Amino acid sequence: MKRYEKFVLEAEKGITFEVSEGTSGELIIRALNIATANVYSTNYVNPPIPEGYKHVCGEWNNGFVIERCSDGSQFVWIPVGSLDSNGTLDGEHFSEKFGRRNYMNDEFSDDEFNEALNGELLEQLESVKKYGGFYISRYNISKSSAGKPQSVKGVMPWVNINFYEAKKVASIVEDNEVVKSHLTFGAEYDSVLEWFIKTKVKTLAEIALDSTEWGNYRNTENSPKKVVETGSREEWCTNNIYDIAGNVDEWTQEQNKNSYRVTRGSCYDFYGDRFSAAFRAGYGNPYDEYKDTGFRATLYIK
């Protein structure tokens with residue numbers, strides 16, 4: 001077999017190469033398109049406004065809010081391109097702007113917390129790198145008088161819903177030729193938390209150690225000790241997003257080896273200094289309904 005001293009790789013624009021060593025010492029060269037390479041658009045400072053939506057308040061770096069004209073549902077822009085590359089998509093390499101974070105010494109593995117990079121998450125990754133960010137519901141999803149999902153202020157969150165139903169409902173929050181919604185992934189949730197830290201509106205300690213002061217927890221001063229309406233207190237708002245910490249647990253698409261689903265944010269019945277915004281509760285039976293567990297929707301822009 002002829003051996004070469006050097007070789008040249010050529011590719012079309014938008015293609016990059018990832019070089020790594022295999023388990024047997026072999027050299028692996030993997031061609032990646034721009035969607036899977038670690039390249040994010042720098043245009044995150046100009047959030048895209050989908051047709052049928054309007055900008056209502058905020059800037060890209062403190063909570064750019066868009067509102068759906070048909071029903072007033074609101075979503076907040078998360079400028080992923082502005083974040084540090086300290087997230088993970090594979091559970092091992094922490095080199096992504098978009099991805100899960102290890103705030104509380106969590107173990108990311110097939111046995112503990114895992115999230116497969118395929119389907120909706122892969123599509124979202126492509127969108128995030130194309131536009132530089134993504135939109136997440138400003139409020140926990142609630143049910144309109146007509147029974148439709150919405151993201152609005154001043155109503156009770158949609159609880160007593162199991163994971164599979166929450167995922168189904170989240171997928172119909174928006175579905176048209178340019179925008180599709182889905183139930184929040186762990187990678188999206190942690191990107192939101194990292195943005196709070198990056199913009200210095202919350203410290204790492206407030207995210208991972210004690211979230212009492214910015215959420216509806218049992219030990220919150222004058223706590224109502226029950227689920228309350230969305231956006232009920234301004235002190236529970238961060239970068240124009242309400243109730244990330246406390247009030248209701250939030251279903252995510254992250255899971256563990258038993259296929260139990262990870263909920264985030266904790267709820268009114270727990271303590272903020274034990275179950276912070278970053279806490280991963282990996283014991284949610286996906287078939288069970290909980291009175292204190294709701295969800296958010298995230299938008300995928302095509």
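Of the contacts in the chain between residues at least 6 apart in sequence, what share joins residues at least 24 apart? The share is 62%, where a contact means heavy atoms within 4.5 Å.

**View 1. Overview of the chain in the predicted model.** The model is predicted, so local features need pLDDT of at least 70 and side-chain atom pairs count only at pLDDT 80 or more, while totals for chains, interfaces and linings use all residues. Residues are numbered from 1 along each chain as its sequence is written, and side-chain values use heavy atoms, with hydrogens and water left out. The chain has 4 helices and 20 strands, taken as DSSP runs (helices H or I, at least four residues; strands E, at least two) and numbered from the N terminus. Of its 302 residues, 53% are buried; buried means under 20% relative accessible area, exposed over 50%, and partly exposed in between (1.4 Å probe, protein chains only).

**View 2. The cysteines C57 and C237.** The count of disulfides is 0, a disulfide being a pair of cysteine sulfur atoms within 2.5 Å. The sulfur of C57 has its closest cysteine sulfur in C237, 8.7 Å away, which is too far for a bond. C57 is partly exposed, at 27% relative accessible area, whereas C237 is buried, at 19%.

**View 3. K97, a buried lysine without a salt bridge.** K97 sits in the loop between β7 (94-96) and α1 (119-131). The nearest side chain of opposite charge is that of D84, 6.1 Å away; Lys and Arg count as positive and Asp and Glu as negative, with His and the chain ends not counted. A salt bridge needs a side-chain nitrogen of Lys or Arg within 4 Å of a carboxyl oxygen of Asp or Glu. The K97 side chain does reach the backbone oxygen of G81, at 3.4 Å.

**View 4. The salt bridge between E96 and K129.** This pair, at 3.9 Å from N to O, is part of a structure that holds 14 salt bridges. E96 is in strand β7 and K129 in helix α1, 33 residues apart. Both are buried: E96 has 12% relative accessibility and K129 has 5%.

**View 5. The salt bridge between R100 and E254.** The two side chains meet at 2.8 Å, N to O. R100 lies in the loop between β7 and α1 and E254 in strand β16 (residues 249-255), so the pair ties together parts 154 residues apart in sequence. R100 is buried at 2% relative accessibility, and E254 at 0%. R100 and E254 belong to a network of salt bridges that also includes D106, D190, R264 and R280.

Notes. Polar contact = N/O pair within 3.5 Å; in protein donor to acceptor, adjacent residues only side chain to side chain.
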